[in-house]
Amino acid sequence: MWLVLVAVAVFGLAIGSFLNVVIYRVPAGQSLVTPGSHCPHCDAPVRNRHNIPVLGWLLLRGRCADCAAPISARYPLVELFTAVAFVAVSWRLEALDRLAGLPAWLYFTSIAIALAAIDLDCHRLPNAIVLPSYPVLAVLLAGTALAQQDYWPLLRAAIGAVALFGGYFALALAYPKGMGFGDVKLAGLVGAMLGWLSYPALLVGAFAAFLLGGVAGIAVLASRRGTGKTPVPFGPFMLAGVAIALYFARPLADGYLRLTGL
C-alpha cells in the first residue's frame with residue numbers, strides 16, 4: 001500500500017500543477033492548452049526545468065527567471081495540497097475497503113480543489129468544470145460497479161445526487177439571495193459521491209456543509225469584516241463537508257445512535 005500512496009502523491013503533484021492552470025484560466029475564459037505556461041507579468045514561457053511541481057518554485061526562489069517578478073506561493077501550495085489530498089483519500093478508501101472507487105474519488109478531489117479555489121476568488125462555480133463532471137463521474141462510478149459486480153453503491157449515488165440537487169434547488173427557489181444555482185449544480189455531484197459511500201455519509205456531509213457555512217458567517221460578523229448581506233462562497237463548505245463525511249461519517253453516525261439509544 002505504501003508504494004501505491006507514493007505513486008498517488010507524485011500523481012497528485014502533477015495534477016496540482018495542472019489545477020493551477022485551471023484555477024487561473026477557467027474563470028478568465030482562456031484555453032487550458034494554449035499558450036503554454038508563462039509568466040503572467042512578462043509573458044515569458046516557463047522553462048521545462050522550472051515547471052517541476054514545488055521544486056521549480058523553490059529553485060526560482062519564488063520569482064520569474066526572466067523578469068524577477070514574484071510568483072505567488074499559492075502555486076506550490078496547491079500542488080502540495082493536491083498530493084496530500086490524494087494520499088488522504090486513497091488511504092481512507094483502503095481503510096473502508098472501497099479502493100475500487102479511487103479513480104472517481106481522485107477525479108472528484110481534483111475538481112473540488114479547483115472549484116473551491118475559484119469560488120473563493122471569484123464567487124463562481126464554473127459550468128465548464130461542474131457540468132462535464134456529471135458524465136465523467138457517472139462513467140467512473142458505473143465502471144466501479146461493473147468491475148465489482150455490485151450496483152447498490154451506484155444506485156445510492158444516483159439517489160444521493162437527486163436528493164441533494166433537489167434540496168438545494170428548493171432552497172435556491174425559496175431564498176435566491178442566499179443560495180446560488182452554481183451551488184445547486186455542484187450539489188448533485190456532492191450528493192453522488194456521498195451517496196456512493198453510504199446514506200449516513202450523505203446526511204453527515206450535507207449537515208456539515210451548512211454547519212461550516214454558518215460558523216463562517218458568524219465569524220465574518222464577529223470580526224466586523226462584513227454584514228449579514230456580505231456574500232460568503234458556499235462551495236468550499238459543501239466540499240469540506242464531503243471530506244468530513246469521508247473520514248467521520250461512520251463514527252459520527254454510531255455516536256448519534258448510541259446517544260439516542262437507537
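R74 is partly exposed, with a relative accessible area of 33%. In this predicted model, R74 belongs to the one salt bridge that a search of the whole structure finds. Its partner is D121, and the side chains meet at 2.7 Å, N to O. The pair joins distant parts of the chain, since R74 sits in helix α3 (residues 74-95) and D121 in helix α4 (residues 102-122), 47 residues apart. Side chains of opposite charge can pair when their charged atoms come close. D121 is also partly exposed, at 43% relative accessible area.

A nonpolar patch lies on the surface and is formed by I52, L55, L58 and L59, with about 380 Å² of accessible area together. Of these residues, L55 is found in helix α2 (residues 55-59). L55 has 43% relative accessibility and therefore counts as partly exposed, the class between 20% and 50%.

| Residue | Relative accessible area | Class |
|---|---|---|
| R74 | 33% | partly exposed |
| D121 | 43% | partly exposed |
| L55 | 43% | partly exposed |

Inside the model, the count of cavities of 30 Å³ or more comes to one. The largest cavity holds about 30 Å³ of space. Its lining consists of L164, Y168, V190, G205, A206, A209 and M238. Helices α6 (152-174) and α8 (199-222) are the elements that give two or more residues to this lining. The largest share, three residues, comes from α8. By residue type, the lining of the largest cavity divides into six nonpolar, one polar and no charged residues.

Conventions
Residues are numbered from 1 along each chain as its sequence is written. This is a predicted model: local features need pLDDT of at least 70, side-chain atom pairs count only at pLDDT 80 or more; totals for chains, interfaces and linings use all residues. Side-chain values use heavy atoms; hydrogens and water are left out. Patches are made of residues with over 30% relative accessible area and no salt bridge: like charges are joined within 9 Å, nonpolar side chains (Val, Leu, Ile, Met, Phe, Trp, Tyr) within 5 Å. Accessible areas come from the Shrake-Rupley method with a 1.4 Å probe; for residues, only the protein chains shown count as cover. A salt bridge is a side-chain nitrogen of Lys or Arg within 4 Å of a carboxyl oxygen of Asp or Glu. Helices (H or I, at least four residues) and strands (E, at least two) are DSSP runs, numbered from the N terminus. Buried means under 20% relative accessible area, exposed over 50%, partly exposed in between (1.4 Å probe, protein chains only). On a 1 Å grid over the protein atoms alone, a cavity is a set of points where a 1.4 Å probe fits but cannot get out, and a pocket is an open set with protein on both sides within 12 Å along at least five of seven lines; lining residues have an atom within 4 Å of a point. Grid points are joined across faces, edges and corners, and a volume is the space filled by probe spheres set on the points. Ala, Val, Leu, Ile, Met, Phe, Trp, Tyr, Cys and Pro count as nonpolar, Asp, Glu, Lys and Arg as charged, and the others, Gly among them, as polar.
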